[in-house]
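Please open the structure in your viewer and keep the selection tool at hand. The stops below say what to select next and what is there.

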Amino acid sequence: MEENIKGRKKIYCDVCDTFISSEPLLVMHNNGKKHQRLLKAREDRKASTERSIYVRGFENKITLENDLNVYFSQFGKVSNIFVDKEKV
Ligand SMILES: [Zn+2]
């Protein structure tokens, strides 16, 4: 990794996994489309992880999604149900 070029320390953006060569560029970078998109994707992923629960061990696969939706709706709005067909 090249952290020092001409004595100027580069700034690392761990959202984009990239180096920014100066602070004015960092401001531009942080407002840039790519950074914003990746940042939002990261936050969405984090938020959905924090709101997720994992359940397994069901036999009825046909109505499972609906059954889970009905059951967990009593605790709040169910935004997404992901059924891993291989592991149910
Ligand atoms: Zn970035």
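**A tour by selection**

Begin by selecting residues 33-50, which form helix H2: its 18 residues reach 26 Å from the first C-alpha to the last, close to the 26 Å expected at 1.5 Å a residue, where the expected span is 1.5 Å times one less than the number of residues. Helices (H or I, at least four residues) and strands (E, at least two) are DSSP runs, numbered from the N terminus. This is a predicted model, in which local features need pLDDT of at least 70 and side-chain atom pairs count only at pLDDT 80 or more, while totals for chains, interfaces and linings use all residues. Residues are numbered from 1 along each chain as its sequence is written.

A residue is buried if 20 or more other C-beta atoms, placed from the backbone, lie within 10 Å of its own, exposed if 12 or fewer, and partly exposed in between. The number of buried residues in H2 is zero, so the helix lies largely in the open.

Next, select His 29 in helix H1 (residues 23-31), which counts as partly exposed, with 19 C-beta neighbours inside 10 Å. Leaving aside neighbours within four places in sequence, His 29 is in contact (C-beta atoms, placed from the backbone, within 7 Å) with Cys 13, Ile 20 and His 35.

Then select Asp 17, in the loop between strand E3 (11-13) and strand E4 (18-20); Asp 17 has a positive phi of about 55° although it is not a glycine. Asp 17 is exposed, with 8 other C-beta atoms within 10 Å.

Note on methods
Contact = placed C-beta atoms within 7 Å.
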